[in-house]
Amino acid sequence: MPVPRPEEKKPYTALYRRWRPQLFSQVVGQEHVTRTLQNALAGGRVAHAYLFCGLRGTGKTTMAKLLAKALNCLEGVNQEPCNRCRSCLEIVEGRNMDVLEIDAASNRGIDEIRDLREKARYAAAQNRYKVYIIDEVHMLTNEAFNALLKTLEEPPPKVVFILATTEAYKLPLTVVSRCQRFDFHLLEVGEIAGFLRDVSSEMDFAVAEETLYLLARLAEGSMRDALGFLEQCRAFGGEKISYGEALEILGLTAPETVFNLLRAVVEEDIAGGLSAIQETVHQGRDLYRFIRELILYLRKLVVLQARGDEEESLKDVPGLKPYLLKQRDKFTNAVLLEMLEILQQLTYQLKGSSQPQFLLELAFLRLVRAYRFRNYLSPGALLSRLEELEAKLQSAGLEGLAGRRLPPAGAALEVKGEELNLNGENLTPGRTEAPSQLEAALEKESQEVSLHTLEEKEVTFGNSGVKAPGAAEAAPGIDPGRLQEFWDKQLLPEIKKQRKFSIHALLQEGCPISCQEGIFTISFPSTHGIHKGRIESKEHRRYIESLLEQLLGTRMHLKVILQENEKGAGIGEEGGKKTNSTVKDSEEKKGDDFFIRQMLELFNGQLIETGGESLDSRDFWSFSFEEIDHEPQEDEEVPF
């Protein structure tokens, strides 16, 4: 329990000075330091130099003064100073001649350190030890460190140096190695809240528990900052202060604002979220602190979901507890992680920004997007939505569709209102009306398109003249003698006229082979595989087939081959007409190829030529992704 100074008619003293610990046992949260120093005092093993490292308000200067009092106490060197003798009182009041506090930030030159080194030679005037406390020692220059180094290495007897710094990494290693280093830890929220509770009780200042934890959390591990916030609240409230008043005086946003903002994220209420941000800005709140509160809120949701123990997880944020419990199950860990990354990135963007409100609004939109995609498109969510759709279909009576046989290619599917018709057959349960005249016309047209497509896709095998099942009469073509004339005087000039220069340049390297049975065949040299691939691309193929249809008045399918297959494909010298490779020739050439025989048996002896390659070539058994990505034309047959 801290022991305050007796009330006297003196100028007002700040709380952090008035309630500075006067005993090692009163120091909060630095047991590893106090225990080590007390054992050294009891055993007579006091070092000549100490280095106290830690952030602001963790007790470095306080510990240095306690050590100086314990070394010079008139009752002897004990684990605790008496705080009654002349020496202890002078050190507390800062007027002891043998305990010198030096601010290295303002005395950082070599001249000041030389003066210190000269005075350190002389023995203490009235005390047992001469103690030098150098605050912010990292501010010394390199020359000053070098001047101090020899004194630290071989100090005069009965002289103790205590160096305090918040940035130990700036000290030369030669200085650090000659000191006993102690790292002061940041104080926990519970430790600070407990000390503030004792201080407010001694001052008869009524503070709610959630307000104490708010001050302790805002201090970020610094007891001095926490006492400063408490003193500020007392000046505002007098004898008591509420949680809302503490938020108002410290410039913090209410937990309802954070809750409403995250609720807008869950509900995808863009207007509501932007309104909450606008209200926060108009109230003059610090947006940087608001974002930190938002990050803390999300982090507590992560901890709450991980541990499951509400009391342990939320004991340091009693003001946020009811809101956290309401939104405990609204976010998944993946969503929280992405939202924390967005807000952490925002903290860096706000530094030096001239439009912090715009950055915060933009981050809010990103939070909404992160919640939408992470939550809606997760595997579990997608599976549940599929199951929900399946249940709706079954409840609507459409489960019988799974048992129906697939319709033939070219069948017409139509949905009218609540009716589902396939080639005029009513598939909707409870509806048996006959198809309308429009449906019958669509059915007839689809059958004609399907028949026409089958006629165009007639395939022959070898020279046997046997047509594939369902084949009809061949589509009109071009006489071989006029094919080159059509190529040079109609097709290529029209392509150039339409300013398709890339296609024109590619086709100039090839030559027409045949135009029969609805198939226009083009040949490229064996070294022009790139030209073949580009012409077979989806975009170029569609354009050329469309142009051929305009020029010839009938639909044409483009076929591109390489001349390396001329022998196997049977290209003759007369007119360059190409004949189809036969399965029989392939079997004679590769009669012992087990793979080809298995493929023939698999397809019942019917193999469809696509590029003029022989059966033993690699290209015959491969396919390109462009063929897979090929989107059918409007009048092309589409399988149901």
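Select R372 and E268 to begin: their side chains meet in a salt bridge, with N to O at 3.4 Å. A salt bridge here is a side-chain nitrogen of Lys or Arg within 4 Å of a carboxyl oxygen of Asp or Glu. R372 lies in helix α18 (residues 356–376) and E268 in the loop between α12 (255–267) and α13 (270–282), so the pair ties together parts that are 104 residues apart in sequence. Helices are DSSP runs (H or I, at least four residues), numbered from the N terminus. R372 has a relative accessible area of 35% and is partly exposed; E268, at 25%, is also partly exposed. Buried means under 20% relative accessible area, exposed over 50%, and partly exposed in between (1.4 Å probe, protein chains only).

The model is predicted: local features need pLDDT of at least 70, side-chain atom pairs count only at pLDDT 80 or more, and totals for chains, interfaces and linings use all residues. Residues are numbered from 1 along each chain as its sequence is written, and side-chain values use heavy atoms, with hydrogens and water left out.

Next, select R86, E90, E93 and R95, which salt bridges with shared partners join into one network. Within this selection, E90 and R86 form a salt bridge at 3.6 Å, N to O. The two residues are 4 residues apart in helix α4 (residues 86–93), about one helical turn. E90 is buried at 9% relative accessibility, whereas R86 is partly exposed at 37%.

Finally, select R84 and E75, whose side chains form a salt bridge at 3.0 Å, N to O. R84 is exposed, at 58% relative accessibility, and E75 is partly exposed, at 47%. By the stated rule, the count is 20 salt bridges.
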